[in-house]
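Biologist: I have the sequence and the model open side by side. Can you walk me through the main pieces?

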Amino acid sequence: MKLETKSITMRFGGLTAVSGLDMAIEPGEIVGLIGPNGAGKTTAFNMITGVYAPTEGRVLLDGRDITGWSPHRITEAGIARTFQNIRLFGTMSALENVLVGCALRERPTFVGSTLRLPGYRRRERESRAFALELLGQTGLAALADEGATGLPYGVQRRLEIARALATRPSMLLLDEPAAGMNPQESLELMDFIRKVRDEFSLTILLIEHHMQVVMGVCERMYVLDYGLTIAQGEPEAIKRDQKVIEAYLGVE
């Protein structure tokens, strides 16, 4: 699935959070969107996923204009996301959290769900089997019945990705997946992201402050600063870019 943004801009009153962002992400790529705090990264994610309608510009998915679509419609089109702050359902088990993601594709009727007709029960069994399969593929099978909030932080991050995968996406947007992780968890996350991309045939766009993760897993990246794109390219070129260095470290 190819994602393109055409000069997308987001203004809040007199503040321009993102200005004229152009990106082109090819099917199967892992691409990073990086920049200092307040650079506009999450705002860009929110425009892509329908949380905000861009003030200007367009968002294209495989050439189809999805600008301003509602979040649930964009999810149905094949884009799933995680959030900077973990948003699991704390009172539910790991399995139940993944089943929430499965529900997007079920479309039960009122009568079928109320009377628990055979078709509804069949879909329920299929969803449960799929959710258990996802937990197995993401290394969480043994934790299916554990409460989400009782899981270690790194495992919660992985569970949130499993729930996103339950919507059967073609593209996955990860908002700071390494946030709060220790060094070992961050290294494991890099392998996990590659595995998810390969096993589920996904295109991945991620925001990340952890430079070891983003440089180690991304094939290309875009760099924002104060809402403007200041660099784009492969990791080695980005590391040497003077504008990027100044954005992160300041100018002496």
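This is a predicted model: local features need pLDDT of at least 70, side-chain atom pairs count only at pLDDT 80 or more; totals for chains, interfaces and linings use all residues.

Biologist: How many bridges join β1 to β2?

Modeller: Seven, with the two strands running antiparallel. To find your place, look at L3, which stands opposite I25 in β2.

Biologist: I was looking at T9. Where does it lie, and is it buried or exposed?

Modeller: T9 lies in strand β1, residues 3-12. Its relative accessibility is 4%, so T9 counts as buried; the cut-off for buried is under 20%.

Biologist: What does T9 touch?

Modeller: Leaving out residues up to four places away in sequence, T9 touches T16, V18, S19, G20, M47, P54, T55 and E56.

Biologist: Changing topic: β7. How many of its residues are buried?

Modeller: Five of the five, so β7 is largely enclosed by the rest of the structure. M171, L173 and D175 point one way from the strand, while L172 and L174 point the other way.

Biologist: What is β7 joined to?

Modeller: Strand β6 (residues 79-81) is joined to β7 by three bridges, and the two run parallel. β7 and β8 also run parallel, with five bridges between them.

Biologist: How does the chain cross from β7 to β8?

Modeller: Through α7, and this β-α-β crossover is right-handed.

Biologist: Let's stay on α7. What span should it have, and how far apart are its ends?

Modeller: Helix α7 covers residues 183-200, which is 18 residues. At 1.5 Å a residue α7 should span 26 Å, and its end C-alpha atoms are 26 Å apart, which agrees.

Biologist: Which residues of α7 are buried, and what do they pack against?

Modeller: The buried ones are S186, L189, M190, F192, I193, V196 and R197. The buried residues of α7 pack against β3 (30-34), α6 (153-165), β7 (171-175), β8 (203-207) and α8 (211-217).

Biologist: What caps the N-terminal end of α7?

Modeller: N182 does. A side-chain oxygen of N182 lies 3.1 Å from the backbone nitrogen of Q184.

Biologist: And what comes just after α7?

Modeller: S201, with a positive phi of about 50°, although S201 is not a glycine.

Biologist: Why point that out?

Modeller: Because most residues other than glycine have a negative phi.

Biologist: Where does S201 lie, and is it buried or exposed?

Modeller: S201 lies in the loop between α7 and β8. Its relative accessibility is 62%, so S201 counts as exposed.

Biologist: What about Y226?

Modeller: Y226 also has a positive phi, near 50°, and is a residue other than glycine. Y226 lies in the loop between β9 (220-225) and β10 (228-233). With a relative accessible area of 69%, Y226 is exposed.

Conventions: Residues are numbered from 1 along each chain as its sequence is written. Side-chain values use heavy atoms; hydrogens and water are left out. Helices (H or I, at least four residues) and strands (E, at least two) are DSSP runs, numbered from the N terminus. Buried means under 20% relative accessible area, exposed over 50%, partly exposed in between (1.4 Å probe, protein chains only). Contact means heavy atoms within 4.5 Å. The expected span of a helix is 1.5 Å times one less than its number of residues. A polar contact is a pair of N or O atoms within 3.5 Å; within protein, one must be able to donate a hydrogen and the other to accept it, and residues adjacent in sequence count only if both atoms are side-chain atoms. Two strands pair if DSSP finds at least two bridges between them. A crossover is right-handed if, with the strands pointing away from the viewer, the path from the first strand over the helix to the second runs clockwise.
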